[in-house]
Amino acid sequence: MKKILLVEDDPNLGLLLQDYLQLKGKFDVVLCKDGEEGLRNFTKNTYDLLILDVMMPKKDGFTLGKDIRKINSHVPIIFATAKGMIEDKTQAFNLGGDDYITKPFRIEELLLRINALLRRAGNSEKHEEEKQTIFKIGRYTFDYTQQVITIGDTPQKLSTKEAELLRLLCLRKNEVLTREEALLNIWHDDNYFNGRSMDVFLSKIRKYLKDDPSVEIINVHGRGYKLLIN
């Protein structure tokens, strides 16, 4: 489920948008009533998309967007405002906004814009993932193309399945990699026997990484695994 931060000072509109997007769009929507609350919330959580009202007390949407872009340059931002002036649209995009919608708007149109941005962001992330082949794992360097982990002058050759599994863990570093995602990506089938094979490969990868105590692969009960780098 994609997580959206909605910052809107009109409580009626905010609750209406939150309910609609959670029901129709099946998003997890967090609602904040002003820019300062929105910024505090953003710094403590991870979001897939932001909807920022421009005219707000304490911190307006453009200022909030500027502050957020200092922290995160990639998360999609939609600015919403009662103004339709070209200067406002120009400012929205100059601040790193990805889209702009003028009030009053149809909620269905907002949902279409959200889905379009999320598809674009997903394709961009997938493209970046496909390009990345070198990873730093604590004191280790992992070369996915060569299928080698190196610490100091000591290389460790990996099997193809081990390299694919470690790469997925690196791409989800400090996040949960579900068993289903790993099995479907690598084995293309999440049956019991492939699951047992994956457990064996994980045990081997843990041994390869044992010389750096800051690196750990933990089991997340009922969900999957997490590569932690302290």
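Contact here means heavy atoms within 4.5 Å. By this criterion, in the predicted model, K161, E162, L165, L166 and L169 of helix α6 meet M198, F201, L202, K204, I205 and Y208 of helix α8. Two packed helices are described by the angle between their axes and the distance between the axes. The axes of α6 and α8 come within 10 Å and cross at roughly 75°. Since angles of 65 to 115 degrees count as roughly perpendicular, α6 is therefore roughly perpendicular to α8. Classified by residue type, the contact of α6 with α8 comprises 8 nonpolar and 3 charged residues, with no polar ones.

In soluble globular proteins, nonpolar side chains tend to be buried together. With residues up to four places away in sequence left aside, I137 touches F142, L166, C170, L209, D212, V215, L227 and I229.

Strands β6, β7, β8 and β9 form, in that order, an open sheet of 4 strands with antiparallel pairing. From one strand to the next, the twist averages 20°. The antiparallel pairing of β7 with β8 extends over 3 bridges, and T141 stands opposite T150 in β8. Helix α6 lies across β6, β7 and β8 and runs at about 70° to β6.

Strands β11 and β12 run antiparallel and are joined by 6 bridges. The bridge partner of I218 is K226 in β12. These two strands form a hairpin with 3 residues between them, and G222 in the turn has a positive phi of about 80°.

A further open sheet contains 5 strands in the order β2-β1-β3-β4-β5, paired in parallel. At its edges stand β2 (28–32) and β5 (99–102), each with a single partner strand, so one side of each is left without a neighbour in the sheet. The twist in this sheet averages 20° from one strand to the next. Strand β1 (residues 3–7) runs parallel to β2 and is joined to β2 by 5 bridges; L5 stands opposite V30 in β2. Helix α1 (residues 11–23) lies across β1, β2 and β3 (49–53), running at about 170° to β2.

Several backbone features fall in loops. Most residues other than glycine have a negative phi, and most peptide bonds are trans. The peptide bond joining K103 and P104 is cis, with omega about -5°, and P104 is found in the loop between β5 and α5 (107–131). N174, although not a glycine, has a positive phi of about 65°. N174 is placed in the loop between α6 and β10 (176–178) and, at 39% relative accessibility, counts as partly exposed. H188, likewise a residue other than glycine, has a positive phi near 65°. The loop between α7 and α8 contains H188, which is exposed with a relative accessible area of 62%.

Methods:
Residues are numbered from 1 along each chain as its sequence is written. Side-chain values use heavy atoms; hydrogens and water are left out. Two strands pair if DSSP finds at least two bridges between them. Axes are lines fitted to C-alpha atoms, for helices over the stretch in contact, and angles run from 0 to 180 degrees between N-to-C directions. Angles under 35 degrees count as roughly parallel, over 145 as roughly antiparallel, 65 to 115 as roughly perpendicular and the rest as oblique. Ala, Val, Leu, Ile, Met, Phe, Trp, Tyr, Cys and Pro count as nonpolar, Asp, Glu, Lys and Arg as charged, and the others, Gly among them, as polar. Buried means under 20% relative accessible area, exposed over 50%, partly exposed in between (1.4 Å probe, protein chains only).
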